[in-house]
Amino acid sequence: MKKILFICCISCMLLNGCGKKEINNLKTENQQLKNTIAQLQEEISSLKETDQGFFSSAVDKFNSASDKQQWQEVANDFKVFGQKFPQSPYTAQAQSYAKQATEKASELQRIDDGINKINNAIQKHHWKTARLTLQSIKNGLSTERYEQLKNYIYEESHKPIQTTINEIISDKYNFIGKRVSVLASLSSSVDRNRKEITAFSSGCVDGSSVSVFYNRTPKNTIQWFTKNDPVCQGKRWRIVGTVEQYYNSYDIYIQAENIQ
């Protein structure tokens, strides 16, 4: 038993010795890594202060710039480069980059000003000004952004008139060509060849009525009427569209753009 205890004690002492040695080695390696990192940071900092380092950093920012503020910062960096390193072989390139960045920032500023002008014109109901301003900045906009602004101006300048089928029929000549929004009951019978349905002012077959064409509504609306018939159980439908007149009669209809 004493021999076993003696062996265990010797083993623990050896293990403790090895553990301390490993810890000391790790501490040494850790300090060496810290020293290496500090040296690299110092070298990077020194490199940035050279014309090549400063120029490379500015070019990286140029390649990643996307908004007005970033382009302004890039332009300023290249201008600072010219002041710090007037004799650098990169001076000509820096001037070219500065010019491009300044032009980019100016173009984005012009677009921002144009959008602000559009919003102000819409608030004042100056629709012509809004449309002309949009055309003036069209080349600087993505296709998607241009269409968004175009639709925004249209929607704001052609807000549908909240009315009723009775009012439209009673004063049809005043409503022809105008966008309207009406609540109506829809017939349970749909003419799918003409994509036409009848809207009633009250019940499904009661009150004044007007034809509604849904061929220009969203695809999912057309598909719904292709597969379903409206159920006439008190449901009212919101119809948004333009009042039109048949070319060969005095009758009118609604060219729907949305039915919900």
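How exposed is tyrosine 246, in terms of relative accessible area? Tyrosine 246 is partly exposed at 23% (buried is under 20% relative accessible area, exposed over 50%, partly exposed in between; 1.4 Å probe, protein chains only). The model is predicted: local features need pLDDT of at least 70 and side-chain atom pairs pLDDT 80 or more, while totals for chains, interfaces and linings use all residues. Residues are numbered from 1 along each chain as its sequence is written, and side-chain values use heavy atoms, with hydrogens and water left out.

**View 1. Aromatic pairs.** The structure holds 17 aromatic pairs (centres of Phe, Tyr or six-membered Trp rings within 6.5 Å; planes under 30 degrees apart are stacked, over 60 edge-to-face, the rest tilted). Tyrosine 246 and tyrosine 253 form a tilted pair, 4.7 Å centre to centre with 45° between the planes. Tyrosine 253 counts as buried, at 16% relative accessibility.

**View 2. Charges over rings.** The charged end of lysine 138 sits over the ring of tyrosine 146, 4.7 Å from its centre (NZ of Lys or CZ of Arg within 6 Å of the ring centre and within 35 degrees of the ring normal). Lysine 235 lies over the face of tryptophan 237, 4.6 Å from the ring centre.

**View 3. An aromatic cluster.** One aromatic cluster is formed by Phe54, Phe55, Phe62, Trp71, Phe78, Phe81, Phe85, Tyr90 and Tyr97.
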